[in-house]
Amino acid sequence: FARVSDEDSFRRIVPVATYEYLRPYLDRIIVEKQKNVLWDTPVKWFAMSSGTTEEKSKYIPVTRESLKNGNYRAGYHMLGIYAHHHPDTSFVLGKSLVLGGSQQINRIGDGIYTADISAILMKNLPALARRRRTPEKIALLPDWEEKLQKLAEYAMGADIRSLVGVPSWMLVLLKKIVNDSGCMITEIWPNLEVFFHGGVSFIPFQEQYEKLVSSDRMRYWETYNASEGFFGVQFAPGSKDLLLLLDNEVYYEFIPAEQWMKENPEAIPLSGVETGRQYAMVIS
């Protein structure tokens with residue numbers, strides 16, 4: 001890295017690497033308890049990711065810096081872009097109902113833990129965000145049925161103004177709240193205005209949400225927050241396009257579709273990307 005000075009030298013000196021290339025370094029951190037292997041501050045957390053290239057789960061290192069300057073900074077961008085388009089917003093005055101993936105946290109080493117990225121984000125939330133969202137003691141419950149029950153009980157008595165989570169899981173919770181209360185969502189939360197969602201396509205669920213939350217003021221805002229990082233957020237109302245977030249300490253390169261299966265694929269910088277072509281995204 002000391003010899004990298006621009007895009008061309010980075011591409012020439014730093015080759016595209018797969019997860020398998022990084023696995024020995026991760027073993028040195030987790031198994032051999034070595035420090036300063038991939039980063040110069042302690043790596044306490046590893047996000048579990050099934051990925052798309054292997055059957056085995058992957059351990060994605062999550063650092064204090066990647067949380068602060070990547071995930072949480074991207075979250076602020078998301079809120080800022082939404083508020084820019086909707087200056088009348090008031091969701092920050094109420095509570096946010098957050099429903100992530102598996103919240104099981106496993107100890108895999110001396111002070112080293114692995115969990116779903118949503119659990120890691122929840123466990124390390126900044127104080128300001130922690131006061132505005134679902135109580136941690138409920139959100140981090142590992143048992144799904146118990147968590148659903150307690151979330152429903154909590155939410156029915158709170159001023160929920162925003163939802164955060166995966167559409168499929170959130171739908172289960174909302175249906176349970178409607179069934180348990182015998183009321184419509186708009187009756188329970190008259191100030192509800194936005195659902196920040198990601199993880200899966202929203203299209204298959206859109207009609208069900210519009211029936212459950214029958215309000216003209218309800219909005220849906222898409223995000224792309226993966227185990228490896230928070231990469232994109234919806235750019236404008238009514239648009240399916242996501243804005244690639246370029247100032248969250250992630251360096252992006254792109255592999256054209258025809259290069260995907262090559263042993264040494266050509267990675268091009270963002271400046272070389274052409275609209276209308278398919279690429280695989282490469283991150284550093």
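By a ring-centre rule, there are 18 aromatic pairs here: Phe, Tyr and Trp rings (the six-membered ring for Trp) pair if their centres lie within 6.5 Å, with planes under 30 degrees apart called stacked, over 60 edge-to-face and the rest tilted. Before going on, note that this is a predicted model, so local features need pLDDT of at least 70 and side-chain atom pairs count only at pLDDT 80 or more, while totals for chains, interfaces and linings use all residues. Residues are numbered from 1 along each chain as its sequence is written, and side-chain values use heavy atoms, with hydrogens and water left out.

**Rings**

Take tyrosine 82 and tryptophan 221: the ring centres are 5.4 Å apart and the planes sit at 80°, so this pair is edge-to-face. The two residues come from distant parts of the chain, 139 residues apart, with tyrosine 82 in helix H3 (residues 64-85) and tryptophan 221 in strand E8 (residues 219-226). Helices here are DSSP runs of H or I with at least four residues, strands are runs of E with at least two, and both are numbered from the N terminus. Tyrosine 82 and tryptophan 221 are both buried, where buried means under 20% relative accessible area, exposed means over 50% and partly exposed is in between (1.4 Å probe, protein chains only). Ring pairs also tie Tyr82 and Trp221 into a cluster with Phe91 and Phe196.

Another edge-to-face pair joins tyrosine 224 and phenylalanine 231, with centres 5.5 Å apart and planes at 75°. Tyrosine 224 is partly exposed at 40% relative accessible area, whereas phenylalanine 231 is buried at 3%.

A ring can have a charge over it too: the charged end of lysine 58 sits over the ring of tyrosine 19, 5.8 Å from its centre. For that label, NZ of Lys or CZ of Arg has to be within 6 Å of the ring centre and within 35 degrees of the ring normal.

Leaving aside neighbours within four places in sequence, isoleucine 160 is in contact (heavy atoms within 4.5 Å) with Lys95, Leu97, Tyr154, Ala155, Trp189, Asn191 and Leu192.

**Strands**

Three strands make an open antiparallel sheet in the order E12-E11-E13; strands pair if DSSP finds at least two bridges between them. Strand E12 (268-269) and strand E13 (279-283) are at the edges with a single partner strand each, so one side of each has no neighbour in the sheet. E11 (residues 252-256) and E12 are joined by two bridges, and phenylalanine 254 stands opposite isoleucine 268 in E12.

Elsewhere, strand E4 (residues 106-109) and strand E5 (residues 112-115) run antiparallel, joined by three bridges. Together E4 and E5 form a hairpin with two residues between them, and glycine 111 in the turn has a positive phi of about 75°. Arginine 107 has tyrosine 113 in E5 as its bridge partner.

**Salt bridges**

There are ten salt bridges in the structure, each a side-chain nitrogen of Lys or Arg within 4 Å of a carboxyl oxygen of Asp or Glu. Here are some of them, by their N to O distance.

| Pair | N to O distance |
|---|---|
| Glutamate 65, arginine 64 | 3.5 Å |
| Aspartate 110, arginine 107 | 3.9 Å |
| Lysine 211, glutamate 207 | 3.7 Å |

Glutamate 65 is buried at 18% relative accessible area, but arginine 64 is exposed at 57%. Aspartate 110 is exposed at 60%, and arginine 107 is exposed at 58%. Lysine 211 and glutamate 207 lie four residues apart in helix H10, about one helical turn. Lysine 211 is exposed at 61% and glutamate 207 is exposed at 54%. Finally, salt bridges link Asp88, Glu193 and Arg219 in a network.
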